[in-house]
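Colleague: I keep running into labels in structure write-ups and wondering where they come from. Could you take me through one example and back up each word?

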Amino acid sequence: MTMQVSPSAIANSDVVNLTSSLLDRDSYLVSLLNQVTVPATEGWLQELRERATNWVRHSVIPNTREEEWRFTDLSALRRVEFHHAAHTDVEKLHEMSLRGTGDNGLVFVNGVYTPELSNIANLPTGIVVGNLSALPITEQERVQKYLAQSEGALEVFTALNTAGISDVAVVLVAKNVIVETPIHLLFVSVADETATISQPRCLVVAESGSQVSVVEEFVTPNADEGVYLTNAVTEITIADNAQVVHTRIENESKQAFHIGKTAVTQGRYSRYTCHAITLGGKISRHNLEILQTGEQTETTLNGLTMIASNQLADTHSAIALNHPYGTSKQLHKCIVGDRAHAVFNGKVFVPKPAQLTDAAQLNRNLLLSSKARVDTKPQLEITADNVKCAHGATVSQLEDDEIFYLQSRGIDANDARKLLVNAFAAEIINQIPVPSLRNKLLTTVTSFKSLTND
């Protein structure tokens, strides 16, 4: 029997955290753990929490001496004392409804399910959407099989999320059910007078032959204010011949910290498409891990990072293709202005059993300022000998001759820059399956404040 390679094994982060913890226990991490700890209960969920808690207590927060974190310095995070988020007056948040992205969805405010803003009344037969604590016992038993079972569950921030699970956004799609309307999961962070921490958790299970589109959005009422930490984990299990289209939008406060994990398990003949958009956060990190567990899967990853000021946005992806005939296509674009710093690290692992794999990976970066920075590292690790694989990266600026050409056609320099940046971003945005989100994101690109060369 051939051993399967997992995304977490590729990253090697679990081993690093454990080795470091043997030398020194992280008191700051323990203080975060104390803030997210929930009252003890009985049952399988408490057992999950306890296992994760024990791991976190003997782990450390990553630092720049670790390869997977060498461009992302979390020292600014360590300087903030976070507290458990208090109850929020949801009456002020009604304008952040689900209107425009579909009629079906859940809203969580500071990690707490908010039924007043949610709408799950018009669900088709064969799909369950709800928060874990309100699900019937039979559905909770289904959740138990998948929650915190993905590869990489012991990565330190993922384990911290599991240790503090109080509720979960759950989407369960039965066999051969095709859901036409996107399911919208809205996670709202409301800043308090003190810095707060919230830990959204999401589970999506698409059983064999099913199809569903999920929109996962992390937002705040005021994009320019509020210091808080969002530590989010999403697990997606796609059974044989099922399809999931996943749109993930992170638009947190420009002073906030966002750590996100998306762990996807694909069965044979399954199809997964991810549109990941990163806009907000002082420091943001998205770990996207794909594990292929059957042959002939299709994986499409589209990403767009658009940052300015002093933002840092880090995207780490790992795709483990363990079986033959798999197809993987990844395109990640970064638009970086002012003194912002974008990081892309993508790994595709193709071991010997994964013959006839077709994998392509490309990272394209547009720097709008001479002080903007990008660190890019696309990687292919191949031991199979009959594959078609390619990877690459480009870093460029707006070309003066292109701006001049548009000016010669009667377009002023500022509008010319907007037009070129719009065209660069539209390749990703136009593939998002929800028209209202596409329009909103295109407007965001057009109004981007850092459209100068310096």
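This is a predicted model: local features need pLDDT of at least 70, side-chain atom pairs count only at pLDDT 80 or more; totals for chains, interfaces and linings use all residues.

Colleague: Let's start with Thr 234. Why is Thr 234 called buried?

Modeller: The relative accessibility of Thr 234 is 2%. The label "buried" is for values under 20%, so Thr 234 gets it. You'll find Thr 234 in strand β10, which covers residues 228-238.

Colleague: And what makes the pair Thr 234 and Glu 216 a polar contact?

Modeller: Their side chains come to 2.3 Å. The cut-off for a polar contact is an N or O pair within 3.5 Å, so this pair counts, given that one atom can donate a hydrogen and the other can accept it.

Colleague: Which residues does Thr 234 contact, if you skip its neighbours within four places in sequence?

Modeller: Cys 202, Glu 216, Lys 261, Thr 262 and Ala 263.

Colleague: Now a loop. Where does Thr 72 lie, and why is Thr 72 called buried?

Modeller: Thr 72 sits in the loop between α4 and α5. Its relative accessible area is 0%, and the limit is under 20%, so Thr 72 is buried.

Colleague: What makes a polar contact with the side chain of Thr 72?

Modeller: The side chain of Asp 314, at 2.5 Å. Leaving out residues up to four places away in sequence, Thr 72 also touches others, including Thr 64, Ile 283, Arg 285, Leu 312 and Val 343.

Colleague: On to the sheet. In what order do the strands of the open sheet come?

Modeller: The order is β3-β2-β6-β9-β11-β13-β15-β17-β19-β21, 10 strands with mixed pairing.

Colleague: Why do β3 and β21 count as edges?

Modeller: β3 (112-113) and β21 (388-397) each have a single partner strand, so one side of each has no neighbour in the sheet.

Colleague: How do you know that β9 and β11 pair?

Modeller: Nine bridges join β9 (residues 211-219) to β11 (residues 243-251). Pairing takes at least two bridges, so these strands pair, and they run parallel.

Colleague: What caps the N-terminal end of helix α3?

Modeller: Asp 26 does. A side-chain oxygen of Asp 26 lies 3.0 Å from the backbone nitrogen of Tyr 28. The buried residues of α3 (residues 27-36) are Tyr 28, Leu 29, Val 30, Leu 32, Leu 33 and Val 36. They pack against α4 (44-57), α5 (75-78), α7 (156-163) and β7 (196-198).

Colleague: Which members of the largest nonpolar core touch the most other members?

Modeller: Of its 38 residues, those are Ile 127, Val 171, Ile 183, Leu 185, Val 212 and Tyr 272. Among the residues Ile 127 touches, not counting those up to four places away in sequence, are Leu 172, Val 173 and Val 179.

Colleague: Last one: how many helices and strands does the protein have, and what share of its residues is buried?

Modeller: There are 10 helices and 21 strands, and buried residues make up 58% of the 454.

Definitions and conventions. Residues are numbered from 1 along each chain as its sequence is written. Side-chain values use heavy atoms; hydrogens and water are left out. Helices (H or I, at least four residues) and strands (E, at least two) are DSSP runs, numbered from the N terminus. Buried means under 20% relative accessible area, exposed over 50%, partly exposed in between (1.4 Å probe, protein chains only). Contact means heavy atoms within 4.5 Å. A nonpolar core is a set of buried Ala, Val, Leu, Ile, Met, Phe, Trp, Tyr and Cys residues joined through side-chain atoms within 4.5 Å.
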